[in-house]
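Open the model in your viewer and keep the selection panel at hand. We go stop by stop, with something to pick at each one.

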Amino acid sequence: MNSFPFQTAQTEEEIHHPSIIFKLQNALYSINSKHVESILSVPDYEKIPNAPNNIIGVFAFRTGMIQILDLRAMLGKVSLQSELTDFQQMIAARRQDHINWVNELERTTQSGETFTLTNNPHKCALGKWYDQFTSDNKGVMFYLKKMEEPHRLLHASIDEIERSKEIADPKARARKQAFILRCARTEYMPKVIQSLEKALDSFQTSVNQAIILVLKDDSDEHHIGLMVDEVLAVENFLPSTVQHAFQSIQKSPYIRGIGKCEKVAGDILEIDAASVISSVIHAPAEED
């Protein structure tokens with residue numbers, strides 16, 4: 001039975017180089033710092049027409065232009081930009097859902113028709129999404145948590161409207177319903193939308209805080225930029241000698257091992273810098 005190739009021990013040279021510990025879509029990775037020339041915020045870069053999805057673009061570094069690689073794409077993950085686009089589209093759709101919900105509540109209250117949309121905050125599209133959504137982005141989760149109460153009160157408006165129908169005096173009933181609708185439109189719905197938009201802002205900020213690791217080969221002749229979500233620490237990487245630790249890991253030419261470090265909790269996958277650099281240097285030229 002073929003086993004997953006991995007390294008069980010560092011060489012003498014590698015022991016004296018700490019590793020860069022970074023995050024990529026809620027998972028932890030490391031790369032030996034001897035291959036890292038610089039750590040940069042994402043610079044201004046030029047996109048390359050018809051480039052593979054793992055190449056984000058090129059930027060000026062020292063005396064030449066170097067490519068920025070999307071490590072997420074290289075590992076078969078959703079890119080940061082795609083993740084942001086999906087989040088933006090979801091927020092826009094759920095915002096419109098609740099504008100439509102309030103409009104329909106007003107229309108049916110005034111016409112006397114039956115309101116057919118859900119009064120359960122967990123059964124609307126936003127509630128279903130929120131109940132299963134998780135993120136380690138604390139800003140996103142903070143604002144989504146703030147959305148819970150106004151979202152509940154907004155959906156509870158339909159129950160209040162139904163109870164108001166029991167008021168015998170038509171004028172008193174109309175005043176009560178007008179108050180409920182005003183709270184829904186001017187208090188609860190705006191708070192829901194504001195929380196969603198602030199969550200989106202936090203998500204956008206995290207994308208803007210992505211980091212470029214400038215890698216160099218052993219000859220120091222070739223450089224590439226590697227985009228990662230966030231750098232967490234610089235410390236010694238402790239490789240695992242337990243072979244079964246690889247059983248759940250998707251085989252990838254860019255992963256050389258698994259291990260841990262002292263200050264960051266969790267299993268850490270070690271990126272093979274040489275393989276990443278080689279994928280660019282030895283990439284076949286595109287035909288005209």
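**Stop 1: a helix pair**

Select helix 3 and helix 5, whose crossing is left-handed. Left-handed means that the near helix is turned anticlockwise from the far one by less than a right angle; clockwise would be right-handed. Helices here are DSSP runs (H or I, at least four residues), strands are E runs of at least two, and both are numbered from the N terminus. This is a predicted model: local features need pLDDT of at least 70, side-chain atom pairs count only at pLDDT 80 or more, and totals for chains, interfaces and linings use all residues. Residues are numbered from 1 along each chain as its sequence is written, and side-chain values use heavy atoms, without hydrogens or water.

The axes of helix 3 and helix 5 come within 11 Å and cross at roughly 20°. Axes are lines fitted to C-alpha atoms, for helices over the stretch in contact, with angles from 0 to 180 degrees between N-to-C directions. The pair is therefore roughly parallel (under 35 degrees; over 145 is roughly antiparallel, 65 to 115 roughly perpendicular, the rest oblique). Show side chains at the contact (heavy atoms within 4.5 Å). Helix 3 contributes Phe87, His98, Trp101, Val102, Leu105 and Thr109. From helix 5, pick residues including Val140, His151 and Leu154.

**Stop 2: Phe87**

Stay in helix 3 and centre on phenylalanine 87. Is Phe87 buried or exposed? Phe87 is buried, at 6% relative accessible area (buried is under 20%, exposed over 50%, partly exposed in between; 1.4 Å probe, protein chains only). Beyond neighbours within four places in sequence, Phe87 touches Trp129, Phe133, Val140, Ala199, Leu200 and Phe203. Draw a C-alpha distance to Phe203: 8.2 Å, across 116 residues of chain.

**Stop 3: helix 5 against helix 6**

Now select 138–164 and 170–208, helix 5 and helix 6. Their axes are 8 Å apart, at an angle of about 165°. That makes helix 5 roughly antiparallel to helix 6. Their crossing is left-handed.

**Stop 4: Ser79**

Move to the loop between helix 2 (71–74) and helix 3 (80–111), and pick serine 79. Serine 79 is buried, with a relative accessible area of 17%. Its side chain makes a 2.9 Å polar contact with that of serine 82 (N or O atoms within 3.5 Å; within protein, one must be able to donate a hydrogen and the other to accept it, and sequence-adjacent residues count only if both atoms are side-chain atoms).
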